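Me: I would like to go through a protein model step by step. Could you please show it first?

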Amino acid sequence: MEVGRLPISATLRGKLISAGYTTLSSLASVSPSDLARELEISNNEAFEVLKFASHGSRLDRPDGSGAIVNGAETAWDMLHKEQLLPRITTSCADLDNLLGGGINSSEVTEIGGVPGIGKTQLGIQLAVNVQIPGAFGGLGGKAVYIDTEGSFMVERAVQIAEACIEDMTDYSVLVKKNATPHQVQIQPKDILENIFYFRVCSYTEQIALVNYLDKFITEHKDVKVIIVDSVTFHFRQNFDDLALRTRLLSEMALKLMKLAKKFNSAVVLLNQVTTKFAEGSFQLTLALGDSWSHSCTNRIILYWNGDERYAYLEKSPSLRSASAPYSVTCRGIRNSTSSNKRTKMI
């Protein structure tokens, strides 16, 4: 249960979310005096908040006390489920091969890189490709696009949608020789209507939206990808209290993981880069620090190799690290134009 459902004033709810208390479990070990001091409220108000939170936690539990423990599943069942997980194509064969077939559902994938490398382009491509019907090897789903920087371009989404429809038409003609062709009945307008766009302008809005997504996806069926572009932006500004930032990010990451599992959706977090001093020199690394890297299942770093774009799979529970080239074209993400398209294993 989230703090947004507590029977308290909107002002108190806003203060709780801003301080990083987004779920009832985050309030479980806080004393009234500490909460009052942190939120700058009276001890009586803090006591009332914790009383409501305690009551709400008991309501969430089947027997009114103790933790909820789900039944165990065998490792064999887990392997079977993992093999059946649908993937979202990136429209780049080399990149799909690198990722074992595409972006995995039910997992959190972080994609980071320098400005201009194509992070937003890839995000828009995934928001379109998740809608490819099952008859064409897709998921037939919808997308949630959370824009923190104002970088989403609807004109670009139209271009990529039109190219996606053309690719499906070409596929239909290709299989016509040996089977009944699939009719492409999707229009660019249909694709745009299935991208739910949210513009957030502060970290409190971002946290509140992530907490709201459970309800939103329950009401809007078939959302199969959640894209945050970028997860970093609002958390790199005006944060003197790094402990607070870490707590806010951890709470948000846990919520996104739960959403991925609950709705069998892919969560894609686009990230910026920063510099850190290591081995006697400054090096580029993804933002938010080392602790944040544990918040994702897969981690992909986009980089330049001369004039060519490359994707490096830095972290995956089942795939080995490797690099693959890709291009950003007028049609979206595609195979590299370079003659050397072979994936380079590390």
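**Helix α1 and what follows**

Me: Which residue follows α1, and what is its phi?
Reply: α1 is followed by Gly 20, whose phi is positive, near 100°. Helices here are DSSP runs of H or I with at least four residues, strands are DSSP runs of E with at least two, and both are numbered from the N terminus. This is a predicted model, in which local features need pLDDT of at least 70 and side-chain atom pairs count only at pLDDT 80 or more, while totals for chains, interfaces and linings use all residues. Residues are numbered from 1 along each chain as its sequence is written, and side-chain values use heavy atoms, with hydrogens and water left out.

Me: Which residues of α1 are buried?
Reply: In α1 (residues 10–18), the buried residues are Leu 12, Leu 16 and Ile 17. They lie on the same side of α1, because they cover an arc of only 135° around the axis. The arc is taken from the directions from the helix axis to the C-beta atoms. Buried means under 20% relative accessible area, exposed over 50%, and partly exposed in between, with a 1.4 Å probe and protein chains only.

Me: And which exposed residues are on the face turned away from that side?
Reply: That face carries Ala 10 and Thr 11.

Me: Let us change topic. How do β10 and β11 pair?
Reply: Strand β10 (residues 298–305) and strand β11 (residues 308–315) pair in the antiparallel sense over seven bridges. Two strands count as paired if DSSP finds at least two bridges between them. Ile 300 stands opposite Leu 313 in β11.

Me: What is in the turn?
Reply: β10 and β11 form a hairpin with two residues between them, and Gly 306 in the turn has a positive phi of about 70°.

Me: How many residues lie between β11 and β12?
Reply: There are six residues between them in their hairpin. β11 pairs with β12 (residues 322–329) in the antiparallel sense over four bridges, and Ala 311 stands opposite Ala 324 in β12.

Me: Now β4: how many of its residues are buried?
Reply: Five of the six residues of β4 (residues 142–147) are buried, so to speak a mostly covered strand.

Me: Which strands does β4 pair with?
Reply: β4 pairs in the parallel sense with β6 (residues 223–229) over six bridges. β4 also pairs in the parallel sense with β5 (residues 195–199), over five bridges. Asp 147 stands opposite Asp 229 in β6, and Tyr 145 stands opposite Tyr 197 in β5.
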